[in-house]
Amino acid sequence: PARLRTPHRARSRTARPGTFPAPMVRGFFDKGDHMPTQKKKDLVEELKEMLASCTITVATDFTGLDVNAINELRHSMREKEIEYRVVKNTLTYLAADATENPELKEIVQGPTALAFGYSDPAQVAKALEEYIRVNRSTLTIRGAVMGRRSLSSSEVTTLSNLPSKEQLVAQFLGQLQAPLAHLAGQLQAPISRLLNVLNGPLVSLDILLQQRVQQLASHENSN
């Protein structure tokens, strides 16, 4: 008689307590997903627009974070005008190729979430480093792309320690104001001396006139 085949037992994908496997996080799909083609096209278009308009893209590994932590991180970044999105790597590669951004493909490996900044690049690095430090998070930074330049994880950390754009502007204005204040003082000094010179005779004349009026008044009273 033919031997019966033992049913194949699916490999367990149970994560550590308190966490979920990467494919369960919204926005991430493993290689076996069957996402409709139109949805894939739409996601690629969204990524293309974000890559074209952002000033920096930071790649992070969210392994070990549960869904609540991902949502909390996304909300925290949104408050700082940073868009944080868990991505499918293959679609990200398509968007990177379409925007001539091959550097991004080097740092998108494994479970990946991208942080897109649209103003000061240092603010994105600061926000991520602060989140990791304050929450003692297992989130790790793989690297970043700023313009056409790739940044390593250590370079992103260095970027986070730089003064923000607002601080640099304030420092620059402070340096400009110091010599201007000195120049204004130098310009005002001769004018003040000139006014003193001009006011001297006027004050003396006023005193003489007052004395003369008093003399005339005394003379009339005596008569």
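This report walks through a predicted model of one protein chain, from its overall build to a few single residues.

## About the model

Residues are numbered from 1 along each chain as its sequence is written. Because the model is predicted, local features need pLDDT of at least 70 and side-chain atom pairs count only at pLDDT 80 or more, while totals for chains, interfaces and linings use all residues; side-chain values use heavy atoms, with hydrogens and water left out.

Let's start with confidence. The term pLDDT is the predictor's confidence in each residue, from 0 to 100. The protein chain averages a pLDDT of 79, and 58% of the residues score at least 70.

## The chain as a whole

The protein chain holds 7 helices and 5 strands. Both are DSSP runs numbered from the N terminus: helices are H or I with at least four residues, and strands are E with at least two. Following the sequence, the pattern reads α-β-α-β-α-α-β-α-β-β-α-α.

Of the 223 residues, 30% count as buried. Here, buried means under 20% relative accessible area, exposed means over 50%, and partly exposed lies in between (1.4 Å probe, protein chains only). The accessible surface of the chain comes to about 15300 Å², of which 57% belongs to carbon and sulfur atoms; such areas come from the Shrake-Rupley method with a 1.4 Å probe, and for residues only the protein chains shown count as cover. Among contacts in the chain with a separation of 6 or more, 77% are between residues 24 or more positions apart.

## Where α5 meets α6

Two packed helices are described by the angle between their axes and the distance between the axes. Helix α5 (residues 121-135) packs against helix α6 (residues 153-160) at an angle of about 105°, and their axes are 8 Å apart. Axes are lines fitted to C-alpha atoms, for helices over the stretch in contact, and angles run from 0 to 180 degrees between N-to-C directions. The two helices, α5 and α6, are therefore roughly perpendicular to each other (65 to 115 degrees; under 35 is roughly parallel, over 145 roughly antiparallel and the rest oblique).

On the α5 side, the contact uses P121, A122, A125, K126 and E129, which meet V156, T157, L159 and S160 of α6. These residues divide into 5 nonpolar, 2 polar and 2 charged. Nonpolar covers Ala, Val, Leu, Ile, Met, Phe, Trp, Tyr, Cys and Pro, charged covers Asp, Glu, Lys and Arg, and the others, Gly among them, are polar.

## Two buried serines

S160 sits in helix α6 and counts as buried at 9% relative accessibility. Leaving aside residues up to four places away in sequence, S160 touches A122, A125, K126 and E129.

S137 lies in the loop between α5 and β4 (140-146). At 17% relative accessibility, S137 counts as buried, and beyond four places in sequence S137 touches L65, Y131 and I132.

## Two glutamates with positive phi

Most residues other than glycine have a negative phi. E81, in the loop between α2 (67-79) and β2 (82-87), has a positive phi near 60°. At 65% relative accessibility, E81 counts as exposed.

E100 has a positive phi of about 55° and lies in the loop between α3 (89-98) and α4 (103-107). E100 counts as exposed, at 61% relative accessibility.

Technical notes. Contact = heavy atoms within 4.5 Å.
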